[in-house]
Structures are given as structure tokens and as C-alpha cells.
Amino acid sequence: MSILEVLNREKIMAMIRGLRPDTVDRTVEALVQGGIRFLEVTTNTEGVYELVERLRQRYEGQLLIGIGTVLDADMAAKSIDAGAQFIVSPNLDEEVISYGLRHEIDVFPGVMTPTEIVRAVKVGAKAVKVFPTGSLGGAAYLKEIRAPLDHIPMIASGSVGLNNLRDILDAGAIGVGIGGNLVKRQWIEAERFNEIQKLAREFVDIVAEFQAQSTGVLLSSSMVMEDPQGSGS
């Protein structure tokens, strides 16, 4: 099963950005215990490359881990060397996509317009990240832009929360990137990791209900994840 197929099943990509190193482990563990199976760690997180390498080893078979806010080919190279299983960008950089293709790593570039979306796919992206979804109009924008482009897998990112997750999925997003609405900094600072776990479970339950209604089969978020790229990275 490919990275994209797993994302289409799991839907939620939790994003860690700028957390202190001493809080990352407990935060990630809370997310995993809450049923999260996709994690994006951004490059403006201290020690991101060493962190991803360590998390890959610890959560092999439980969590798919990528690096986000990858802005150029050099950052893409460092991300892949660190073991990133996918790369996410806030923008469309063709060199990053090309580098990922050469190393058989999926790159999800950030796009806003139909022109950017089509261009990203033409240069090799298997899916795009519609960003910032909230500022663009949320589910309504996603539904409109997918009308002529429904053959292109789209990940919604920006202002996705419990209040609009179902609408975003109904609009056709194959997955969502969720940062502060899930990885709440104030809870982390207060060491309320149990609250993050509970919130993660709420997001996962919405996805399970959506999948059940869409396919008639309730998918278990607690299953042991297969590695779509084998034992290596």
C-alpha cells in the first residue's frame, strides 16, 4: 500500500511545529495513543532531522513520519537523509518535487489556484496540499475547485478542526493537515498530554464514522500499520 493510499484511509496528518525538544516525545506518544498514524514535523522545529530519525526508529510500523515546510532541494535532501517517508511544502517548488521523484519519496506541495494544482501534478506530484484552506473558503472552496479537478488528490491544510473536519472530507479531501487545532501548545506547556490524546481520538472517530458511511466498513485506527515502503526509508 502506497503512502497516498494509507493517507486516504487514515485521513489525518498531525503537524508538529516549533515544539521544545523536551515536549516532543510525550506529545507524539499522546497522538499515537489517540489513534494518529500520520505525522508531519516541520523544519522550523529544533533539531528536526535528528528528531525525525529518532521517531522513525521508535514508531516503525505505527506511524508514518514526514518533514514539512521543505522549501528547496537542499532541505529535501536533508529530509530524505533523515528518513522522512514523505515531504510537505507550503508552496509549489518544482525542484523539491523533482528531487522527491528521483528518490521515490512523495512530495505534497502547497497550492492555492487551479493553475498551481495542475502544474504541480504535471511536474510529478501525486497529491497537492490546498493551503491555506480556511482562508480560501474552507470546504466550499475545496468543493468548487474539485469540480473540474476531481481526478487530483487534494489534502486540506489550514484551519481544519473538529467543527469542520466532516465538511472538508465531504468536499473530497483525501486527507487533512492539522496543527494547532490538535497539537495545542497551551496543553503541551501545561503537560496536559491526556487531553491531546482524547482530542486525537475525537478526530479519529469522525474519520471512522465518515469512512463507515462512505464504504460501509468501519476501519480500525488501532491496527498495526504496514510500512508502505518496506523496512527501509
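## Two loop residues with positive phi

Glu104 lies in the loop that joins helix H5 (94–102) to strand E5 (106–108). In this predicted model, Glu104 has a positive phi of about 55°, although it is not a glycine. Its relative accessibility is 69%, and Glu104 therefore counts as exposed, the cut-off for that class being over 50%.

A positive phi is also found at Lys11, with a value of about 75°, and Lys11 is not a glycine either. Lys11 is placed in the loop between helix H1 (3–10) and strand E1 (12–16). Its relative accessibility is 5%, so Lys11 counts as buried, a class that requires a value under 20%.

## A cis peptide bond

The peptide bond that runs from Phe131 to Pro132 is cis, and its omega is near 0°. Pro132 belongs to the loop between strand E7 (128–130) and helix H7 (133–136).

## Strands E2 and E3

Strand E2 covers residues 38–42 and pairs with E3 in the parallel sense, over five bridges. Within this pairing, Val41 stands opposite Ile67 in E3. The two strands also belong to a right-handed β-α-β unit, in which the helix is H3 (residues 48–58).

Strand E3 comprises residues 64–68 and is mostly covered, with five of its five residues buried. In a regular strand, side chains alternate between the two faces of the sheet. For E3, both faces are covered. Leu64, Gly66 and Gly68 are buried on one side, and Ile65 and Ile67 are buried on the other.

## The largest pocket

Rolling a probe the size of a water molecule over the atoms shows where empty space is left. The largest pocket of this model has a volume of about 240 Å³. It is lined by 14 residues, of which Met15, Arg17, Glu40, Gly179 and Gly180 are the closest to its centre.

By class, the lining of the largest pocket contains five nonpolar, five charged and four polar residues. Glu40, one of the residues closest to the centre of the pocket, falls within the range of strand E2 (residues 38–42). Met15, also one of the closest residues, falls within the range of strand E1 (12–16).

Methods: Residues numbered from 1 in each chain as written. Predicted model: local features only at pLDDT ≥ 70, side-chain atom pairs only at ≥ 80, totals over all residues. Heavy atoms only, no water. 1 Å grid on protein atoms, 1.4 Å probe; cavity = no way out; pocket = protein on both sides within 12 Å on 5 of 7 lines; lining within 4 Å. Points joined across faces, edges and corners; volume = space filled by probe spheres on them. Nonpolar A, V, L, I, M, F, W, Y, C, P; charged D, E, K, R; others polar. Buried < 20%, exposed > 50% of the residue type's maximum accessible area, 1.4 Å probe, protein only. Helix = DSSP H or I, 4+ residues; strand = E, 2+ residues; numbered from the N terminus. Pairing = 2+ DSSP bridges. Right-handed = clockwise from strand over helix to strand, strands pointing away.
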